[in-house]
Amino acid sequence: MRNTSIAALCVAALFCTPARAADLAAGKEKAELCVGCHGEGGISQTENIPSLAAQPDLFIQWQLVFFRAGARKNEQMQPIVEQLNNEDIRNLGAYFASLEPPKSPKPDDDPGLSKKGAQAAAGRRCASCHTDSYAGTKAVARVAGQREEYLVKALHDYKSGVRSGGGMAAMADVAYPLSEEEIEALAHYLAHL
C-alpha cells in the first residue's frame with residue numbers, strides 16, 4: 001500500500017471532484033466565522049493575524065485544506081476548519097479573492113527600510129512567485145499590503161521550519177538565509193506596497 005498523506009488526500013478530494021461554480025453569497029455567509037480574527041471584509045485589525053482580503057482564490061483554498069488536514073497547525077484555526085466541507089472551502093476562496101485588498105494604514109514612516117526591503121525582495125526573487133506587484137497568483141499568497149508584523153512572523157516560521165504546506169520548500173529556501181535585518185526590511189517594504 002502506498003503511503004499517501006492526509007493532506008494529499010484532502011487536496012485530491014477538493015480539486016479532483018467535479019467543479020461547481022463557487023457561491024460568493026455562501027462564502028460571505030461562511031466568512032462570518034472568520035471576522036472575529038481576520039476582520040470585517042477580510043482586513044485584519046489584530047496583530048499577527050493576516051488579512052485575507054484579495055488573497056488569490058486557490059491560495060485560500062490550499063491553506064484551509066492544509067489546516068483541515070493538520071499539515072498546517074494553529075490552535076484557533078483547527079476547530080473552525082474541521083467544520084468546513086470542500087464546498088465551503090471553494091466558496092470561501094472565491095469570496096475572499098473578490099474583496100478589495102487592504103490599504104496601508106499609514107504612510108511609510110521609514111523609506112530607507114523600504115528601500116532595503118525592495119533590494120532584498122529583488123535579490124531573493126520574490127516577484128518570481130508573488131508577481132511583480134506582489135499580489136500573488138493562483139496558490140501563491142498576496143503579500144502586498146499584508147500586516148507588517150504578520151509578514152515578520154511568517155518569514156520567521158518559514159525560516160525555522162515551523163510553517164509547512166504549500167510553498168514550504170521554496171519559502172524555506174528563501175527565508176533560511178535571511179538576516180533579521182532583511183526580514184524586518186522585507187516585511188516593512190511589502191506591508192507598505
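**View 1. Helices α9 and α10 cross in this predicted model.** The axes of helix α9 (residues 148-160) and helix α10 (residues 168-175) come within 8 Å and cross at roughly 100°, where axes are lines fitted to C-alpha atoms over the stretch in contact and angles run from 0 to 180 degrees between N-to-C directions. The two helices, α9 and α10, are therefore roughly perpendicular to each other, a term for angles of 65 to 115 degrees.

**View 2. Residues of α9 meet residues of α10.** On the α9 side, L155, Y158 and K159 are in contact (heavy atoms within 4.5 Å) with M168, M171, A172 and A175 of α10. The residues of this contact divide into six nonpolar, no polar and one charged; Ala, Leu, Met and Tyr are among those that count as nonpolar, and Lys is among the charged.

View 3. Helix α7 (residues 111-123) reaches 18 Å from its first C-alpha to its last.

**Notes.** Residues are numbered from 1 along each chain as its sequence is written, and side-chain values use heavy atoms, leaving out hydrogens and water. In this predicted model, local features need pLDDT of at least 70 and side-chain atom pairs count only at pLDDT 80 or more, while totals for chains, interfaces and linings use all residues.

Technical notes:
Helix = DSSP H or I, 4+ residues; strand = E, 2+ residues; numbered from the N terminus. Expected span 1.5 Å × (residues − 1). Parallel < 35°, antiparallel > 145°, perpendicular 65-115°, else oblique.
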